[in-house]
Amino acid sequence: MSIDTIRHERSEQPYAYRRAELVEPDWRRFPGWAGVTEDEWRTAQWQRSHCVKNVRQLRELLGDLVDDRFYADLERDQAERATMSMLVPPQMMNTMMPAAVPAGPGSLTEAFYADPVRHYMIPVFSDRRTDWPSHPYATRDSLHEQDMWVAEGLTHRYPTKVLAELLPTCPQYCGHCTRMDLVGNSTPVIDKHKFLIKPVDRLEAMMSYLRTTPAVRDVVVSGGDVANMPWPRLEAFLDSLLEIENIRDIRLATKALVGLPQHWLGDEVRAGMARVAGVARARGVSLAIHTHANHANSITPLVAEASAAMLEAGVRDVRNQGVLLNGVNADPHELLDLSFRLLDGAQIMPYYFYMCDMIPFSEHWRVSVADAQRLQHHIMGYLPGFATPRIVCDVPFVGKRWVHQVSSYDTERGISYWTKNYRTSIESTDPDALSRTYEYYDPIHTLPEAGRAWWEQHGGR
Ligand code: SF4
C-alpha cells in the first residue's frame, strides 16, 4: 500500500457531505398518473381527492408493475396488524421509488418492498416481526396523554407547556402513529376512541383552561394535523390564543408541510398565516411550524417552496421532528442525509428524532436505547450545533429525555430506567414522583439470548 493510499484512507470521513439538489420525481412514471398535469399536481384539492386509501386504489395506480404477492401482503396487514388506516397523498406516494424505471410486470416489486417511505406509510404483513410483533408492555395510548387531559384533547404533561389536539384526522396516516388510539379511522385491529364533546365546545374548554392557567406559556397546536382544520377555524383559534398574555410560544404541528405541501402553498392559507404571524410578532410571541419528515427522499422542491412560503409569511422557524424507524432511517448516513436535505434545501431545522413509541405491532420499527445512543454519537459534529437533531426517548409518565440521560440500564433484559425533575398534571400530590424511576423497554429481538429467554418466561405470551 502506498503512502498516498494510507493518507487517503486516514483522511476519509465516516460520512461524506455532499450538497444534494432537491428533485421532484416525475409522477407520470406511475401508470395511474400518466396524464396528470403540473397544475393538477400543485392543487391541494386534487392531491386530497387522489389519495391512495385502499389496495384497489394502489393497484389502479401501480397496476402490474408490482406483483400480486405485495397486494396480498398488504391486505393481510390491514386485516391483522395495521393500527392506522391507509391514506397516502400523491405527493408522498411520489417520493417512493423516486428513481424507478418501470420495465414491465412485476418490475417495481422489489424496489417497492425496499422503499423507506413505503416502509412506514404502507406497511405490509411481512415487514412485521413474528416472534414479538408487539412488546408485552405496548399500549394504545403509550404516552398516557389522555390520562393527562385537563380538558378533552388538552394534555398538560410538562410544567409550562401543553399539547392541544384540535382534531383527530390528518391528510396522511403514518403506520407508526403514536396517537393511533385516537387519530384516523378504526381498523379491523383498533377501534379508535372518539372525542365526545362538540368541537366548538371542546376548543372553548381548552381556551378556558389556558386563560386561567398562567403557568402555561407554550402551546403545541396539533391533532391529527392542523392542515385538516378549515383555515378560518384554525385562524380563529390562533387569534384567541394570541390574546392570552401568558402564551409566548405557539407551535403548529403539521406533517402536511412534507406530505401535502400544496396545502401550505394555497392562497388562503398563506394570507391567513401572514395575518397570524403579524399579530404574533407584534405581541412578541414566537410562532413556529413543526413538521415530520423521516427520510431525505421526502424533501422535494415543493416542500422547500412550502417552507419558504411559511417563513415569508412570518413564522419564526420551521422545524422537523422525525421518528427513528428501522427500515427507514435508523442509520447515521440516512439521518445525516435527511438533516442536510432539510437544512440546506428547505430551510427546515432538524430538531428531534423520537424513538418510535411502544404501540402495538411496532417492534419491527423500534430500535433499542443503546442503538439510539450509538446513532446520536455518529451524527454529532457534522451539522451546526444548533441544527444537530437530538434523539429522544419519550418515556411513559416522564416525557422526552435525551437518550444519554438514562439513569440506569439493564441491557440484558432491555429495561432502561429514567427519572424526571417535574410533576405531570396527574402527580401534583404524589410525593414520590420526582424520586421514582420510570421504565422503558427495548424491542425483545434486539436482546442477547439470556434476555430473550427471560422475556419468554416473563413476557406473558
Ligand atoms: S401525521 Fe402525525 S398524527 Fe397524523 S398519522 Fe402521522 S404521525 Fe400520526
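This is a predicted model: local features need pLDDT of at least 70, side-chain atom pairs count only at pLDDT 80 or more; totals for chains, interfaces and linings use all residues.
Q: What is the strand order in the ten-stranded sheet, and what is the pairing?
A: The order is β1-β2-β3-β4-β5-β6-β7-β8-β9-β10. The sheet is open and its pairing is mixed.

Q: Which strands are at the edges?
A: β1 and β10 (399–402), each of which pairs on one side only.

Q: How do β3 and β4 pair?
A: Strand β3 (residues 161–165) pairs with β4 in the parallel sense, over five bridges. Within that pair, Leu 163 has Val 220 of β4 as its bridge partner.

Q: Which helix packs on the sheet there, and which strands are touched?
A: Helix α9 (residues 199–211) packs on the sheet, and touches β1, β2 (154–155), β3 and β4. The direction of α9 makes about 100° with that of β1.

Q: Moving along, how many bridges between β5 and β6?
A: Five bridges, with strand β5 (residues 249–253) and strand β6 (residues 286–291) paired in the parallel sense. Asp 249 is opposite Ser 286 of β6.

Q: And β6 with β7, parallel or antiparallel?
A: Parallel, with four bridges joining β6 to strand β7 (residues 317–324). Ile 289 has Val 318 in β7 as its bridge partner.

Q: How does the chain get from β6 to β7, and what is the hand of the crossover?
A: The chain goes through helix α14 (residues 301–313), making a β-α-β crossover that is right-handed.

Q: Switching to the three-stranded sheet, what is the order there?
A: That open sheet runs β11-β12-β13, with antiparallel pairing.

Q: Why is one side of β11 and of β13 left without a neighbour in the sheet?
A: β11 (408–410) and β13 (438–441) stand at the edges and have a single partner strand each, so one side of each has no neighbour in the sheet.

Q: How many bridges join β11 to β12?
A: Three, and β12 covers residues 415–418. Asp 410 is opposite Ile 415 in β12.

Q: Now helices: at what angle do α10 and α13 pack?
A: At about 5°, with the axes of α10 and helix α13 (residues 267–282) 10 Å apart. That angle makes α10 roughly parallel to α13.

Q: Which residues make the contact?
A: From α10, Trp 231, Glu 235, Leu 238 and Leu 242. From α13, Glu 268, Val 269, Gly 272, Val 276, Val 279 and Ala 280.

Q: How many of each class?
A: The contact of α10 with α13 has seven nonpolar residues, one polar and two charged.

Q: What is phi at Met 97?
A: Near 50°, a positive value in a residue other than glycine. Met 97 is in the loop between α6 (90–93) and α7 (109–114).

Q: Is Met 97 buried or exposed?
A: Met 97 is buried, because 24 other C-beta atoms lie within 10 Å and the cut-off for buried is 20 or more.

Q: And what about phi at His 144?
A: Phi of His 144 is near 55°, also positive in a residue other than glycine. His 144 sits in the loop between α8 (116–121) and β1 (149–151), and is partly exposed with 15 other C-beta atoms within 10 Å.

Definitions and conventions:
Residues are numbered from 1 along each chain as its sequence is written. Helices (H or I, at least four residues) and strands (E, at least two) are DSSP runs, numbered from the N terminus. A residue is buried if 20 or more other C-beta atoms lie within 10 Å of its own, exposed if 12 or fewer, and partly exposed in between; C-beta atoms are placed from the backbone. Two strands pair if DSSP finds at least two bridges between them. Axes are lines fitted to C-alpha atoms, for helices over the stretch in contact, and angles run from 0 to 180 degrees between N-to-C directions. Angles under 35 degrees count as roughly parallel, over 145 as roughly antiparallel, 65 to 115 as roughly perpendicular and the rest as oblique. Two residues are in contact if their C-beta atoms, placed from the backbone, lie within 7 Å. Ala, Val, Leu, Ile, Met, Phe, Trp, Tyr, Cys and Pro count as nonpolar, Asp, Glu, Lys and Arg as charged, and the others, Gly among them, as polar. A crossover is right-handed if, with the strands pointing away from the viewer, the path from the first strand over the helix to the second runs clockwise.
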